[in-house]
Amino acid sequence: MADKMLIILTTGPEDRGNRATLAFAMGVSAIISGVDTTVYLTMGGAFWSRSKSVGKVHIDGFEPLSDYVGQFTEGGGKLMLCSPCNEFYCSSEPEKNLVPGTELCGLAHVVDLAMGASVVTL
């Protein structure tokens, strides 16, 4: 079993938060299992970098998305946001509203992470 996991979330609000919920629920499960886990928000997935975005989602059968995001970051999960995607997809939303602990990064960093991790894309 790999000791690192990279979850790449590319989907924004168009599915009403289904894939975002799955990504963070999976991330929490990995953290609980002792796996060093990073969620990378890119393309439309950059939408979920803002606190007010995650606060509006609750998919039947799952905890609210905001709970998963909080558990993920409090449990030591890393939340990375694509810098160019932040500018393109979230230009109208100030960075001060980022989910606490979110770090901006570029693709070179993601490639480094992916080289030593199991990768899931949603």
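Which residue forms a salt bridge with Asp 36? Select Asp 36 and Lys 78 to find out: Lys 78 is the partner, and the closest N and O atoms of the two are 2.4 Å apart.

Before going on, note that this is a predicted model, in which local features need pLDDT of at least 70 and side-chain atom pairs count only at pLDDT 80 or more, while totals for chains, interfaces and linings use all residues. Residues are numbered from 1 along each chain as its sequence is written, and side-chain values use heavy atoms, with hydrogens and water left out.

**First stop: the salt bridge**

Keep Lys 78 and Asp 36 on display. A salt bridge here is a side-chain nitrogen of Lys or Arg within 4 Å of a carboxyl oxygen of Asp or Glu, and by this rule the count comes to 1. The pair links distant parts of the chain, with Lys 78 in strand β3 and Asp 36 in strand β2, 42 residues apart; helices (H or I, at least four residues) and strands (E, at least two) are DSSP runs, numbered from the N terminus. Lys 78 is partly exposed at 33% relative accessibility, and Asp 36 is partly exposed at 30%, where buried means under 20% relative accessible area, exposed means over 50%, and partly exposed lies in between (1.4 Å probe, protein chains only). Side chains of opposite charge can pair when their charged atoms come close.

**Second stop: the nonpolar core**

Next select Leu 9, Phe 24, Val 39, Tyr 40, Leu 41, Trp 48 and Leu 65, which are the residues with the most contacts inside the largest nonpolar core, a set of 37 residues. Such a core consists of buried Ala, Val, Leu, Ile, Met, Phe, Trp, Tyr and Cys residues joined through side-chain atoms within 4.5 Å. Helix α1 gives the largest share, 7 residues. In soluble globular proteins, nonpolar side chains tend to be buried together.

Phe 24 and Phe 72 are edge-to-face, at 5.7 Å centre to centre and 80° between the planes. Because Phe 24 lies in helix α1 and Phe 72 in helix α3, their pair ties together parts that are 48 residues apart in sequence. Phe 24 is buried at 0% relative accessibility, and Phe 72 is likewise buried at 0%.

Now move to Phe 47 and Trp 48, whose ring centres are 4.8 Å apart with planes at 90°, so this pair is edge-to-face. Phe 47 is partly exposed at 30% relative accessibility, whereas Trp 48 is buried at 2%.

Leaving out residues up to four places away in sequence, Trp 48 touches, among others, Leu 9, Pro 13, Ala 20, Val 54, Leu 65 and Val 99.

From there select Val 54, which is found in helix α2 and is buried at 5% relative accessibility. Beyond four places in sequence, Val 54 touches Trp 48, Leu 65, Ser 66, Val 69 and Val 99. The C-alpha atoms of Val 54 and Ser 66 are separated by 5.2 Å, although the two residues are 12 apart along the chain.

Select Thr 42, which is found in the loop between β2 and α2 (51–54) and is buried, with a relative accessible area of 9%. Apart from neighbours within four places in sequence, Thr 42 is in contact with Ile 8, Leu 9, Thr 10, Cys 82 and Cys 85.

Met 43 is also placed in the loop between β2 and α2, and its phi is near 50°, a positive value in a residue other than glycine. Most residues other than glycine have a negative phi. Met 43 is partly exposed, with a relative accessible area of 43%.

How values were computed. Contact = heavy atoms within 4.5 Å. Phe/Tyr/Trp six-rings, centres within 6.5 Å; stacked < 30°, edge-to-face > 60°.
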